[in-house]
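Please keep the structure open while reading.

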Amino acid sequence: MPAFKEINPSEIKENPFDLIGKDWALVTCGSKDKFNTMTVSWGGVGIMWGRPVAFTFIRPQRYTFEFTENNEYYTMSFFDERYRGALSFCGSKSGRDYNKPKETGLTSVFTDDGVPYFEEAKLVLVCKKLYAQFLNEECVVDADKVKKWYDNDYHKMYVGEIVKVLKK
Ligand SMILES: Cc1cc2nc3c(=O)[nH]c(=O)nc-3n(C[C@H](O)[C@H](O)[C@H](O)COP(=O)(O)O)c2cc1C
């Protein structure tokens, strides 16, 4: 498998609308001893507080939420189309019930700081949490478009500084 090389966020050539919205990503968080991963297709990348950031939205009922709440770092791993099945699995089953790497065949690897990501990814964003806040009903502006997505389970938004980008 080709090795990752580190690039700058501004060198990412992929279109973020396709990368996140169509291709999907795995958000992975925890330590070598205990981590979890789940699929996301909402979120974004950009600049905040003068830094490159990823915006990640996780509902409180996800097992992954326990990890994003209790760890400083998380990763977003992006894959080729052939891993769609693995991402579907990680987006429909919970780490409470399944060992997702074992079930999907994805290989967990860790940054020098012990942050988990996947060897099979083509692009990985290593994110360090800067800000986290629950979305809430009082702040909804266009109820028709937003409220239908919720049943008292508003996402928590994480703004993570992209501290490393790994690309194959
Ligand atoms: C394509 C796709 C995109 C998803 N995007 C999100 C998302 O952005 N935020 C979220 O909280 N859940 C999202 N989910 C749902 C979680 O991935 C799913 O509930 C998963 O089973 C949670 O796993 P966990 O309990 O191990 O954390 C998505 C699922 C799929 C299939």
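The points below cover the fold, the nonpolar core and the ligand shell.

This is a predicted model. The chain carries 5 helices and 10 strands. Its radius of gyration is 15 Å, which agrees with the value near 15 Å for a compact globule of 168 residues.

**Overall fold**
- The C-alpha trace spans about 45 × 40 × 30 Å along its principal axes.
- Buried residues make up 32% of the 168 in the chain.
- Among contacts with a separation of 6 or more, 69% join residues 24 or more positions apart.

**Nonpolar core**
- The largest nonpolar core holds 32 residues, and Val-27 and Cys-127 touch the most other members.
- At least two core residues come from each of strands E2 (25-30), E3, E5, E6 (73-78), E8 (116-118), E9 (123-134) and E10 (156-167), and from helix H3 (84-90).
- Strand E9 gives the most to this core, with 5 residues.
- Beyond its neighbours within four places in sequence, Val-27 is in contact with Thr-37, Met-38, Val-40, Thr-56, Thr-64, Tyr-74 and Met-76.

**Ligand shell**
- The ligand has 20 residues around it, of which Tyr-63, Thr-64, Gly-91, Ser-94 and Gly-95 come nearest.
- Strand E3 (35-40), strand E5 (51-58) and helix H2 (63-70) are the elements that give two or more residues to this shell.
- E3 gives the most, with 4 residues.
- By class, the shell has 9 polar, 7 nonpolar and 4 charged residues.

Methods:
Residues are numbered from 1 along each chain as its sequence is written. This is a predicted model: local features need pLDDT of at least 70, side-chain atom pairs count only at pLDDT 80 or more; totals for chains, interfaces and linings use all residues. The radius of gyration is taken over C-alpha atoms; the globule rule is 2.2 Å times the number of residues to the power 0.38. A residue is buried if 20 or more other C-beta atoms lie within 10 Å of its own, exposed if 12 or fewer, and partly exposed in between; C-beta atoms are placed from the backbone. Two residues are in contact if their C-beta atoms, placed from the backbone, lie within 7 Å. A residue is near a molecule or strand if its C-beta atom, placed from the backbone, lies within 6 Å of it. Ala, Val, Leu, Ile, Met, Phe, Trp, Tyr, Cys and Pro count as nonpolar, Asp, Glu, Lys and Arg as charged, and the others, Gly among them, as polar. A nonpolar core is a set of buried Ala, Val, Leu, Ile, Met, Phe, Trp, Tyr and Cys residues joined through C-beta atoms within 7 Å.
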